[in-house]
Structures are given as structure tokens and as C-alpha cells.
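User: Please take a close look at one part of this model and describe how it is built into the rest. I would like the contacts, the strand pairing and the confidence in one connected account.

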Amino acid sequence: MNIKYCFIAGILVLTIWVSKAQSSYELGWLPSLTFNKKLPKDYVINFKAESRQVMESGVFNSDISEGYDYVLTDFTTIIGKKIGMNTSLNLGYLFRVENNVIIHRSIQQLIWVNRYEGFKLGHRLATDQTFEPGEAPAYRLRYRMVGELPLSGLEVDVNEFYIKAGTEYLNELQSGKYEGELRLMPFLGYALNPKQKLELGLDYRLGNFINGPPEHTFWIGMNWYVSL
């Protein structure tokens with residue numbers, strides 16, 4: 001139980017800290033649909049489609065603002081292999097459509113899960129490489145930690161709600177320039193049936209806080225997970 005409370009308290013402390021550094025902002029929608037299918041010999045394939053749409057953007061404490069803007073759509077395919085009891089190694093590819101430009105990204109991930117009584121804590125250490133026409137390649141190193149807490153009982157059962165909260169830090173290097181991004185992700189989930197889950201929450205991102213004025217992005221995330 002103490003692990004649960006420490007994790008939630010840490011998310012709240014980080015939320016208060018990042019809210020003090022205000023500059024520009026964006027508020028939008030971030031819906032996604034994810035399909036998972038288990039394959040023989042402990043392999044699994046994952047396909048995800050995700051869209052970003054900005055509803056409002058501007059500068060804090062000013063009258064400067066803009067309205068709706070479609071940003072991009074991502075299509076990601078990842079193949080994973082279980083290499084331990086709670087550990088998997090994944091390789092993937094992202095196909096992005098942004099402003100009529102096609103962007104490619106290769107992905108490598110190491111994922112492991114720690115299970116406690118009534119609480120699950122997942123970790124993801126990942127690298128990726130982004131290739132965009134007319135731009136230098138961008139290289140990122142990222143670490144994500146996500147906790148899942150059922151609101152009833154010790155496990156998430158059908159027709160039950162759960163809380164999923166996470167944090168992620170990204171390091172990016174492009175043309176010799178380093179930048180970082182911090183993400184906070186509190187979500188409320190619901191198990192529709194043994195193979196489908198829905199989640200609704202906030203995906204907050206604090207970017208450009210090293211080399212320029214901080215950029216705050218508030219995505220309203222809507223995630224639908226389907227196991228085939």
C-alpha cells in the first residue's frame with residue numbers, strides 16, 4: 001500500500017512543480033486505437049493509430065491565441081519478444097503524416113513490469129530515431145514509468161474501473177542541440193470485457209524548457225485497447 005501512495009504523491013508533486021513555469025500552451029485531443037495480438041513463441045505484435053488535434057493555443061497571461069488546428073496522425077507497428085518472466089524486448093516503426101509530409105521513425109524498447117499486491121508498476125526504456133525530409137535526424141532516449149491501480153479488489157476485472165498514472169522523461173539530440181521533455185499522464189480506465197479497455201485522461205507535456213521558453217501541451221487522451 002505504501003508504494004501506491006508514494007507513486008501517486010510523486011505524480012502530484014511533479015504536477016505542481018511544472019505548473020509554475022508557464023509560457024506558451026496548447027490544448028487539444030489525442031485519441032488512439034491500439035490492437036494487440038499474441039503470436040507463437042512468446043512474440044506479440046502491436047498496431048496503434050493516433051491523431052493530434054489542437055483546439056486552442058496561445059501564450060499564458062496574454063490575449064494571443066489561435067483556434068482549431070489538425071496536427072498529425074501516427075501509425076505505429078511494434079513487434080515484441082518476451083525475454084523473461086516480466087520483461088520484453090520490442091522493435092518498431094512509426095509512419096507519421098504531418099502537414100502533407102511523411103516522417104519515419106525507428107523504435108527500440110525494453111519493457112519490464114513489477115507486480116505488487118493490488119498494484120502494477122511498468123517501466124519502459126526506449127530509444128528512437130526520427131527521419132524527416134529537409135531536417136537533420138533526431139535521436140531520443142526516453143524512460144517511462146506507469147502505475148496501474150484497480151479501484152475494486154486486487155486486479156482489474158471486467159466492468160471495473162482502474163487508475164493509470166505515469167511519468168516520462170525524453171532526451172533529444174538533433175544537429176548537436178540537446179532538448180528535454182517531461183510528461184505526466186493521469187488516466188481513468190474501464191475494462192469493457194476481457195479483450196477491450198477504454199481510458200480517458202490528461203497527457204501533459206512540458207517541452208523546450210532547456211533552450212527556450214517552456215511549452216505546455218495539454219492533450220485530452222482517449223485510448224481504446226483491443227486484444228485480438
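Analyst: Leaving aside neighbours within four places in sequence, Lys164 is in contact (heavy atoms within 4.5 Å) with Val146, Gly147, Glu148, Met185, Pro186, Phe187, Glu199 and Tyr225. With Glu199, the side chain of Lys164 makes a polar contact of 2.8 Å. A polar contact here is a pair of N or O atoms within 3.5 Å; within protein, one must be able to donate a hydrogen and the other to accept it, and residues adjacent in sequence count only if both atoms are side-chain atoms. Lys164 belongs to strand β9, residues 161–174. Helices (H or I, at least four residues) and strands (E, at least two) are DSSP runs, numbered from the N terminus.

The model is predicted: local features need pLDDT of at least 70, side-chain atom pairs count only at pLDDT 80 or more, and totals for chains, interfaces and linings use all residues. Residues are numbered from 1 along each chain as its sequence is written, and side-chain values use heavy atoms, with hydrogens and water left out.

Val146, Gly147 and Glu148, among the contacts of Lys164, fall within strand β8, residues 138–150. Strand β8 pairs with strand β7 (residues 119–131) in the antiparallel sense, over eleven bridges. Two strands count as paired if DSSP finds at least two bridges between them. Six residues lie between β7 and β8 in their hairpin, and Gly134 in the turn has a positive phi of about 80°.

Strand β7 also pairs with β6, again antiparallel, over 13 bridges. Two of the facing pairs are Ile107 with Asp128 of β7 and Val113 with Gly122 of β7. The β6–β7 hairpin has two residues between the strands, and Gly118 takes a positive phi near 75° there. On to the next pairing: β6 (residues 101–116) is joined to β5 by twelve bridges, and the two run antiparallel. Phe95 stands opposite His104 in β6. The hairpin of β5 and β6 has two residues between the strands, with Asn99 at a positive phi near 55°. In a regular strand the side chains alternate between the two faces of the sheet.

Tyr25 stands opposite Gly58 in β2. Three residues separate β1 and β2 in a hairpin, where Lys41 in the turn has a positive phi of about 60°. Strand β2 is also joined to β4 (residues 69–82) by twelve bridges in an antiparallel arrangement, and Ile45 has Ile79 in β4 as its bridge partner. A further antiparallel pairing, over two bridges, links β2 to β3, residues 65–66; in it Gly58 stands opposite Ser65.

The second largest pocket has a volume of about 1200 Å³. Its lining comprises 40 residues, of which Arg52, Arg96, Glu172, Glu181 and Glu215 lie nearest the centre. A pocket is an open set of points on a 1 Å grid over the protein atoms alone, where a 1.4 Å probe fits, with protein on both sides within 12 Å along at least five of seven lines; lining residues have an atom within 4 Å of a point. Grid points are joined across faces, edges and corners, and the volume is the space filled by probe spheres set on the points. The lining divides into twelve nonpolar, eleven polar and 17 charged residues, where Asp, Glu, Lys and Arg count as charged, Ala, Val, Leu, Ile, Met, Phe, Trp, Tyr, Cys and Pro as nonpolar, and the others, Gly among them, as polar.

As for confidence, the chain averages a pLDDT (the predictor's confidence in each residue, from 0 to 100) of 90, and 90% of the residues score at least 70. Confidence is highest in strand β5 (residues 87–98), at 98, and lowest in helix α1 (residues 2–18), at a mean of 53. Over residues 16–21 the pLDDT is below 50, and this stretch has ten contacts in the model beyond near neighbours in sequence. Where pLDDT is low, the predicted coordinates should not be read in detail.
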